[in-house]
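Work through the exercises below with the sequence and the 3D structure at hand. Each task is followed by a solution in steps.

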Amino acid sequence: MADKVKIEPAVWRVIWTALVGGLAVLFDTTIVAVALHTLATKLDASVATIQWVSTGYLLALAVVMPVTGWAQRTIGRKRVWMIALTVFMVGSILSSLAWNVESLIAFRALQGVGGGALMPLMGTIVVQASGGKNLGRIMSIIGIPIVLGPVLGPVLGGLILQNLSWPWLFWVNVPVCLIGLVMAALFLPKDPAVTRAHFDAVGFVLLAPGLVALLYGLSNAGQAGGFAQGDVEVPLIGGVILVAGFVWWALRHRGKALLDLQLLKYWPLASASLVQFFSGVSLIGAMLLVPLYFQELRGTSALGAGLILIAQGAGALAVRSFIGRLSDRFGARWLVVTGFFIVLLGTVPFAFADTTTNWVTLIAALFVRGLGLGVVTTPLMTVGFRGLPGPDVPDASIISRVSQQLGGSFGGAVLTVILAGAATTAAATGAHGLSVAAFQQSFWWATGFTALGVALSFLLPASLPAAAPHPGGAGTKTEESAPAAR
């Protein structure tokens, strides 16, 4: 049982600084996603071209994330955070000033460069500032925008498009970034002296393009043809080969590789990364189905569907504070198992839903799903960092973030293909568009994937790992800093 330790004011300041600085990034993707149709109309672009506003951003994230650990060791956490936040802000300003779709795609990619560094840095900054203590309580706060982004992002995007012009989709990031920069300058600990770290060029050439290829292939899988098309199969196969090549390289060059995969011998991190990947299918994939159900079958607008989803956000917020404390006290396994089971209970009603299902029932189901998401997110974000020495935290944060990103993209692609396939089957029987049967079949798949999440959660540690020192500095990777296997 973990001892109750008071969180120092200085640590609270770091937590809120990381939260504010990362807020714009965590909401940006879903805000822009609901605006693609409007952007295509305003910029006179085809649907295929405008999709690159999101795809280019996603691929830029994938390029930058692997080098974040090296950048922290070479430049310092605070400096990298402020540089990345500045790059994201500049990308936002330029995006709001875009004069055609090509310029918008380029400026969104610049945003992705900043965002790709900020996302893993959030975890590193708060874990190292806390010294590894009270991680559940801390992650319950840092995880707020991660849980609420997919819910409130579409609402905010819809409100902006309804009341303002499209450039405000990006201008809203600017004040948040400015506040985040001021807070970072005031509250983040000063970087200690850093030394020039070896840059693994071979690892970068293998891993970054490999992640880009995987994410590109998955993003194309939602189109007609699903996974059985060249622009899906070729990048996926190429991505797997490149990432496998990086794994081989990293294991042969321990201590010099771009990302320390030896950390996956540490069972809490390895099991959490696995569960985070597969949770993308059930948690993030289902979030694609829910708004489509309300829009396609119940006739609500995009903004209306977003407002309904607030019920899920309310459920997640309702359990936030005490789940963090329970995570610090009991560990992750049983909380995550329980959380996935609650998500399953909240998903089943949609597998029976048709065009006449009671609205109260569906909103209540969303609230239950939110409760489950809130229970799952905090311990799953936390368990991989427990017991890690401070110098290992940056690489652990990158591994965790890459798992989440790939899992979310995989989940969205798989359930999109299932929905499209079910719609095709229904059309053969005379149904038009996305039928009730297509959605019901897709939600049953989502329910099954959530049940898989319940099963995989038993792989997580049953108790809290032993604590390890968390040096406050940027840290230098050493053989002695590697954790025990299990």
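**Exercise 1.** How are α5 and α6 oriented to each other?

The model is predicted, so local features need pLDDT of at least 70 and side-chain atom pairs count only at pLDDT 80 or more, while totals for chains, interfaces and linings use all residues. Residues are numbered from 1 along each chain as its sequence is written, and side-chain values use heavy atoms, with hydrogens and water left out.

Step 1. Locate helix α5 at residues 68-75 and helix α6 at residues 77-96. Helices are DSSP runs of H or I with at least four residues, numbered from the N terminus.

Step 2. Take the axes, which are lines fitted to C-alpha atoms over the stretch in contact, with angles from 0 to 180 degrees between N-to-C directions. The axes of α5 and α6 come within 7 Å and cross at roughly 120°.

Step 3. Classify the angle: under 35 degrees is roughly parallel, over 145 roughly antiparallel, 65 to 115 roughly perpendicular, and the rest oblique. α5 and α6 are therefore oblique to each other.

Step 4. Look at the residues that meet, where contact means heavy atoms within 4.5 Å. From α5 these are A71, Q72 and I75, and from α6 they are R77, R79 and V80.

**Exercise 2.** Find how many salt bridges the rule gives, and place each partner.

Step 1. Apply the rule: a side-chain nitrogen of Lys or Arg lies within 4 Å of a carboxyl oxygen of Asp or Glu. The count comes to three salt bridges.

Step 2. Take R108 and D28, whose closest N and O atoms are 2.3 Å apart. R108 lies in helix α7 and D28 in helix α1 (residues 9-33), so this pair ties together parts that are 80 residues apart in sequence. Buried means under 20% relative accessible area, exposed over 50%, and partly exposed in between (1.4 Å probe, protein chains only). R108 is buried at 1%, and D28 is buried at 0%.

Step 3. Take R73 and D395, which form a salt bridge at 3.6 Å, N to O. R73 belongs to helix α5 and D395 to helix α20 (residues 393-428), so the pair joins parts 322 residues apart in sequence. Both residues are buried.

Step 4. Take R386 and D328, with 3.0 Å between the closest N and O atoms. R386 is in the loop between α19 (359-383) and α20, and D328 is in helix α17 (residues 320-330), 58 residues apart. R386 and D328 are both buried.

**Exercise 3.** Is M122 buried or exposed?

Step 1. Read its relative accessibility: at 3%, M122 counts as buried.

Step 2. List its contacts, leaving out residues up to four places away in sequence: M122 touches A18, L19, G22, L26, W81 and I142.

**Exercise 4.** Which residue other than glycine has a phi near 55°?

Step 1. Recall the background: most residues other than glycine have a negative phi.

Step 2. D44 has the positive value, near 55°.

Step 3. At 73% relative accessibility, D44 counts as exposed.

Notes. Helix = DSSP H or I, 4+ residues; strand = E, 2+ residues; numbered from the N terminus.
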